[in-house]
Amino acid sequence: MKRCSLDHLALAVLLAVLCVLPFTVTGYVLYVVNLLMVFAVLSLGMHLVIGEAGQFALSHTAFYGIGIYTAGIMNAAWHPPFFVSIAAGGLIAAILGYVIGFLALRMRDIYLALATFAFGEAMQWVFLNWESVTGGSNGMQMQPARLFGLRLTNDLQAYPFVVGIAALMLWVTVWLSRSQYGSALRAVRESDVAAMAMGINARAMKQSAFVVSAAFAGIAGGMYTLFVSFIHPDSLGFQTTILVLTMVVVGGLGSVRGAIAGALLLGVISEVLRQAQSAQEIIYGVILLGFMMFKPRGLFSGAAKRDAKPQAAVDVAATTGRSAAR
């Protein structure tokens with residue numbers, strides 16, 4: 001009860017800060033906050049596939065790029081309401097996530113990581129060389145997103161929509177995590193054999209986690225198009241994957257709070273290090289290694305453990321009840 005009260009208090013404070021920000025800060029700060037909201041959705045998507053399902057996938061940035069280019073191309077060609085282009089980016093990313101998941105989930109552990117990493121590198125090559133669609137090495141100029149005739153031309157106009165979408169995706173993540181679906185994902189994460197013994201289709205659950213995670217990344221890409229005017233394939237490389245992975249690990253694997261906290265913390269650090277591009281990967285690597293060595297469960301490891309215990313009891317009780325009924 002005390003933990004829930006603290007969570008509600010922290011959420012209320014964060015909401016109050018987000019409501020006040022547009023009236024008290026400059027455009028650059030709003031840009032950073034918009035970017036942090038995108039990172040939060042990216043981090044939540046990776047949390048679902050790694051933290052909840054236990055599948056070490058490194059293709060997140062590829063789906064993020066697919067969301068960006070899908071929304072950007074639609075905005076330029078047809079000028080639909082931005083929620084249509086964002087949904088389209090999430091849908092296409094989810095479809096590709098299903099295909100890649102179907103192929104990659106035949107592998108496990110390091111082989112799965114390598115296969116998904118290869119897909120991410122292949123997609124960056126596509127972004128870089130499909131010049132007629134993506135602009136290639138020249139990048140793509142983004143057209144302003146629209147909402148029933150309103151053009152979003154600056155960070156302030158995009159801000160309420162970016163924050164609103166991020167809040168919606170957070171709610172979806174919490175809902176999924178607390179549902180039977182989330183319990184099934186965690187059962188698969190702990191043991192495929194035990195999960196299948198309880199009647200859970202382990203492969204289907206892993207693939208669904210891939211699809212949902214890819215959809216989150218695609219939606220995050222669509223959110224990005226609401227407040228930026230240019231995208232270059234260089235920003236969709238392995239460095240971004242490492243950044244998002246570091247967010248999830250630093251925050252705490254298996255913790256929604258951790259995914260959000262890691263996104264906010266590492267997002268601010270990445271913006272501070274913007275002028276030190278050559279050193280970013282080294283710094284992220286040092287942070288990642290440091291947490292894996294000295295605090296492998298992340299900043300919110302205690303919260304993740306506390307959450308897991310009551311949920312495990314519910315899962316055991318539900319399983320015992322079903323067995324008794326049979």
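Visitor: In this predicted model, where buried means under 20% relative accessible area, exposed over 50% and partly exposed in between, how does F83 count?

Guide: The relative accessibility of F83 is 43%. Since buried requires under 20% and exposed over 50%, a residue in between is placed in the middle class, and F83 therefore counts as partly exposed.

Visitor: Which kind of pair do the rings of F82 and F83 form?

Guide: F82 is buried, with a relative accessible area of 6%, whereas F83 is partly exposed. The ring centres of F82 and F83 lie 6.3 Å apart and their planes stand at 75°. Because planes over 60 degrees apart fall in that class, the pair is edge-to-face.

Visitor: How many residues apart in sequence are the parts that the pair of Y69 and F127 ties together?

Guide: The structure holds 10 aromatic pairs, and in one of them the rings of Y69 and F127 have centres 4.9 Å apart and planes at 35°, so that pair is tilted. Y69 belongs to helix α3 (residues 60-77) and F127 to helix α5 (residues 109-129), so the parts tied together are separated in sequence by 58 residues.

Visitor: Which residue caps the N-terminal end of α12?

Guide: Helix α12 (residues 256-272) has 17 residues and reaches 25 Å from its first C-alpha to its last, close to the 24 Å expected. Its buried residues include V256, G258 and A259. At the N-terminal end, a side-chain oxygen lies 3.4 Å from the backbone nitrogen of R257, and the residue that provides this cap is S255.

Key: Residues numbered from 1 in each chain as written. Predicted model: local features only at pLDDT ≥ 70, side-chain atom pairs only at ≥ 80, totals over all residues. Heavy atoms only, no water. Helix = DSSP H or I, 4+ residues; strand = E, 2+ residues; numbered from the N terminus. Expected span 1.5 Å × (residues − 1). Buried < 20%, exposed > 50% of the residue type's maximum accessible area, 1.4 Å probe, protein only. Polar contact = N/O pair within 3.5 Å; in protein donor to acceptor, adjacent residues only side chain to side chain. Phe/Tyr/Trp six-rings, centres within 6.5 Å; stacked < 30°, edge-to-face > 60°.
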